[in-house]
Every structure is written in C-alpha cells, then in structure tokens.
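Hi everyone, thanks for making time. Let me put the structure up on the screen, and then I'll walk you through it.

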Amino acid sequence: NSSDLSPPFFILASIPGLEAAHFWMAIFLCSMYILAVTGNCVVLIIVKMEPSLHAPMYFFLCMLATIDLALSTSTVPRVLSFYWFNTREISFGACLVQMFLIHTLSAIESTVLLAMAMDRYVAICHPLRHAAILTNAATVKIGLVAMARGVLFFLPLPLLLLPLPFCRSRMLSHSFCLHQDVMNLACANTTPSMVYGLTAILLVMGLDAILICLSYVLILKSVLRLASWKERLKVFSTCVAHICVVLAFYVPLIGLSVVHRFGKDLAPLVRIIMGNIYILVPAVLNPIIYGVRTKQIQRRILNLIHISND
C-alpha cells in the first residue's frame, strides 16, 4: 500500500545481543560528545582571546571546530535518545535532513583541510608572499566557498531519494542516517542516486585528498632543500598537527566507505563502531592535537585553569 511505498519512518540499528549494554554505551558516547563540545568550544574561545592566533591557519582551525560541533550535534543527541530511551524510529524527513547535514558538513570539513594544507604550502614554500596571498578577506572567502561547495554537491542526495518508493525493510545499519544506507532500502532503480553519490564523494573528498597529498609532496621537496636536518625538522614540525588532523578525518571516512561497499558480511557491531568513530573521533581529537602542538593554546588553557583554581 501507499504507506509501504512512502515510509513515515526508518528504524535505527541496534547491536544484536547487546541491547542490555545500550545504557553503558550511551554513557561512553555522551562522555565523548561532552569532550568534543568542550574541546572545540575552548579552541574557539582561545583563538578569539589570543591576538597572536588571529592568522589564517587558526581561522581555519575555528572553522574546523565549528564544523565538528555541528556534525557531532546533528547525530549524537539522536543516538543517545535511541540508546537511553529506546526511541528507534526516525521520521523519513528527519532522516533525510540528518543525512544531508552529515555529508555536507563532511564535505565542508574536507575543503577546510585542503585550505589548511595550502596555507602550510604557501607559508613554507613562499613565505614572503604568505601574508599577501592569505589575507583575512581571502580566508573568509575560502570559508564561504567551502560552505557553498558542500551544499551544492550534496543537496541533490536527499532530493534524489525523496521520490523513491521504499517497500523493503526499514532497518538501517547505523544509529544515524547515511546516503548509501538509506538508498539500499529503496525498491526502485537507485542507479542515478548511487552514481551521483559516488561522483560527489570523488569530486570533493577524493579530489581534496589528492591535492592535500600533492601539497605535502611540494612541501617535502622544499624542506629537503634546507641545509641541515635541524632546520628541516623545525620547518616540517609546523605541519605535524595538520597531518594528524587530516589522518583523523580521512582514515575513518575511508574505513566507513570500505565497510559499506565490501563489508556486507561483517558483524553489525563493526558497522556501528565505524560509524560512531567517523562522527566522533575527529571532533574529539582535533582540539587535543592543536592544543598539544600550539604553545599559545597551551598557555591560554593553563591560564584558564589557574584562574579557575584561584
């Protein structure tokens, strides 16, 4: 009937046999979420308070923190509601909105990571032109382009799914909505949606990853021209935090993609863990990485702790 063809809701995935552990899993996820929110808010506050951090690299870091806050907030509260209160149903419209936010914010984050790589390239390979190329106005424009790029590339994903009939199982394989997961439940030809989704990912995340690697090849060539190993390590150490953040973003993304495309026979626990890692781990690690690697951020954090203790 019509209700079967246009489902009013989907059912979020639980882990078979571990339903009794949902309460404790939710406590762990909630702790991670609180850590992510706290860490990213601290980064935003410190960059605003510290004049020496009013530079393109740290403006990009603020964009990254904002994206991580939005991405985790668009998913984790709904997951916690499911684990704590067993609200397994998510409406069709809410699922499409959540799916759009996850993919769009991930695309924006990928673009910002590329911009940060370009910032490192210009700072190391063309230091005299860095201030002229990456001005505050240019940084704002890059942020707007990143946002527009994410929205334009991934807005068609929910629009392509909207008219499809759904007459199969309504059970998702994650505790939140992803494009391929929802698409697989449709009982019509999903080739256009599948082809567009793969093309969008390749043109955004795939292209960004290639350009980031290319920028580091050029950086490495420039660093190796320096006279001593001490100078080389000193210059390249300015890239360590960004490399770690790139790995924290792309490794879970690639892992989740591999699980979706080649891991159909894997246990549900693997898919759910990979999904939660993709959503939460970058948001938790990014402020920690930059907090460890940036002396100004460390100093401000210590000052805040000292003031609070007084």
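Predicted model: local features only at pLDDT ≥ 70, side-chain atom pairs only at ≥ 80, totals over all residues.

You'll find Leu-12 in a loop, the one that runs between strand 1, residues 9-11, and helix 2, residues 22-49. So what does Leu-12 touch, once we skip the neighbours within four places in sequence? There's a whole list: Arg-78, Phe-82, Thr-87, Arg-88 and Ile-90, and then Met-171, Leu-172, His-174, Ser-175 and Phe-176. Take Phe-82 from that list. Leu-12 and Phe-82 are 70 residues apart along the chain, yet their C-alpha atoms are separated by 7.9 Å.

Okay, let's zoom out. The protein has 14 helices and two strands. Its radius of gyration is 21 Å, close to the 19 Å that the globule rule gives for 310 residues, so the protein is as compact as a globular protein of that length. If you draw a box around the C-alpha atoms along the principal axes, you get roughly 70 × 50 × 35 Å.

How much of the protein is buried? Of the 310 residues, 47%. As for contacts between residues at least 6 apart in sequence, 79% of them join residues at least 24 apart.

Now the annotation. The UniProt record, an unreviewed entry, marks several stretches as "transmembrane region", including 20-46, 138-162 and 240-260. What does the model show there? Residues 20-46 are 93% helix and 0% strand, with 41 Å between the end C-alpha atoms. Residues 240-260 come out as 100% helix, and here the end C-alpha atoms are 30 Å apart.

One more residue before I stop: Arg-149. This one sits in helix 7, residues 136-154. Buried or exposed? Arg-149 has a relative accessibility of 17%, so it counts as buried. Beyond its neighbours within four places in sequence, Arg-149 contacts Thr-111, Leu-203, Val-204, Leu-207 and Asp-208.

Notes. Residues numbered from 1 in each chain as written. Heavy atoms only, no water. Helix = DSSP H or I, 4+ residues; strand = E, 2+ residues; numbered from the N terminus. Rg over C-alpha atoms; globule rule 2.2 N^0.38 Å. Buried < 20%, exposed > 50% of the residue type's maximum accessible area, 1.4 Å probe, protein only. Contact = heavy atoms within 4.5 Å. UniProt positions renumbered as here; feature names shortened; annotations may be inferred.
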